[in-house]
Amino acid sequence: MTTGRILLATLTAAAVLLTGCPEEQAGMPEWEDERIDHGDEFEPEPESSPPVLCVSGNFIYVAWHDDRSTGTNNVYLQVSQDGGDSWNGTDMRINSNPHGDWTAENPALACSAEKVYLLWEDDRDGDLKNKAIYYNMSS
């Protein structure tokens, strides 16, 4: 919960939605959706994961993987610094492997103060059955 709202991150087709409900209406089904990712909404049936959400004060972090434009999954992060009132203008690709060369997926997210920590599975070592776990942290 941040700035008096209850938040839920969901995935519908190619869009990551952040759904918010004012705290005083939490018992009522009056939720408002806001698309926060910048993927191609017209790409048919993209591969994607359910988003993960972490809130610390007014900072909201949402991570997911999708295969926009490349056919292989990459991990993306979207950030709000004002409790969800506004979001970064672009999605940040978190995995550092060359775009489209390997699959990065299934992110896990934690946050503390103004730092965010991400883990994900990655097959850049070439072993598709035994993926390695990679880590990245905000600076």
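Which residues of the largest nonpolar core touch the most other members? Out of its 14 residues, these are Tyr61, Val75, Leu77, Ile94, Leu109, Leu118 and Trp120. At least two residues of this core come from each of β5, β6, β8 (104-112) and β9 (115-122). Another core of 6 residues lies apart from it, with Ile36, Val62, Trp64 and Trp87 among them. A nonpolar core here is a set of buried Ala, Val, Leu, Ile, Met, Phe, Trp, Tyr and Cys residues joined through side-chain atoms within 4.5 Å.

A word on the ground rules: this is a predicted model, where local features need pLDDT of at least 70 and side-chain atom pairs count only at pLDDT 80 or more, while totals for chains, interfaces and linings use all residues. Numbering starts from 1 along each chain as its sequence is written, and side-chain values use heavy atoms, leaving out hydrogens and water.

Now to β6 (residues 74-80): 7 of its 7 residues are buried, so the strand is largely enclosed by the rest of the structure. Asn74, Tyr76, Gln78 and Ser80 point one way, and Val75, Leu77 and Val79 the other. Buried means under 20% relative accessible area (1.4 Å probe, protein chains only). Strands are DSSP runs (E, at least two residues), numbered from the N terminus, and two of them pair if DSSP finds at least two bridges between them.

| Pair | Bridges | Direction |
|---|---|---|
| β4 (residues 52-56) and β5 | 5 bridges | antiparallel |
| β5 (residues 59-66) and β6 | 7 bridges | antiparallel |
| β6 and β7 (residues 92-93) | 2 bridges | antiparallel |

Alanine 63 sits opposite leucine 77 in β6, and tyrosine 76 is opposite arginine 93 in β7.

How values were computed:
Buried means under 20% relative accessible area, exposed over 50%, partly exposed in between (1.4 Å probe, protein chains only). Helices (H or I, at least four residues) and strands (E, at least two) are DSSP runs, numbered from the N terminus.
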